[in-house]
Amino acid sequence: MFLLAAKECGVKPELFDDSLDACRGAKAAGMHAIGVYDPYFDVSEVEMRKLCDRYIHSFTELVEA
């Protein structure tokens, strides 16, 4: 689903999400995944950091980098 959506939109297949399951799906599809901190999913942070290509607490981190 992720790859098809990216193709239809004509964009690079990457995902920004706070859900471990969504990031797993994206990585399984061969996509670049950025994990985004959310207090609701706080218990998944360690696993998200291992799975994702990058993990951020704020989108401002992308501008600063």
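Let me begin with a definition: a residue is called buried under 20% relative accessible area, exposed over 50%, and partly exposed in between, using a 1.4 Å probe and protein chains only. The structure before you is a predicted model, in which local features need pLDDT of at least 70, side-chain atom pairs count only at pLDDT 80 or more, and totals for chains, interfaces and linings use all residues. Residues are numbered from 1 along each chain as its sequence is written, and side-chain values use heavy atoms, leaving out hydrogens and water.

I turn to the overall fold. The chain contains 4 helices and 3 strands, where helices (H or I, at least four residues) and strands (E, at least two) are DSSP runs numbered from the N terminus. Their order from the N terminus is α-β-α-β-α-β-α. The radius of gyration of the chain is 12 Å, close to the 11 Å of the globule rule for 65 residues, so the chain is as compact as a globular protein of that length. Here the radius is taken over C-alpha atoms, and the rule is 2.2 Å times the number of residues to the power 0.38. Along the principal axes, the C-alpha atoms fill a box of roughly 30 × 25 × 20 Å.

Next, the interior. Of the 65 residues, 28% count as buried. The largest nonpolar core has 10 residues, namely L15, L20, A22, C23, A26, M31, A33, M48, C52 and Y55. Helix α2, residues 20–28, gives the most to this core, with 4 residues. By nonpolar core I mean a set of buried Ala, Val, Leu, Ile, Met, Phe, Trp, Tyr and Cys residues joined through side-chain atoms within 4.5 Å. Contact, in turn, means heavy atoms within 4.5 Å. Beyond its neighbours within four places in sequence, M31 is in contact with F2, L3, P13, E14, L15, A26 and D53.

I close with two residues. Is E45 buried or exposed? E45, which is found in helix α3 (residues 45–51), has a relative accessible area of 16% and is therefore buried. Not counting residues up to four places away in sequence, E45 touches Y37, Y55 and H57.

Y37 lies in the loop between β2 (32–36) and α3. At 27% relative accessibility, Y37 counts as partly exposed. With residues up to four places away again set aside, Y37 touches D42, E45, Y55, I56 and H57. The C-alpha atoms of Y37 and E47, 10 residues apart along the chain, are separated by 12 Å.
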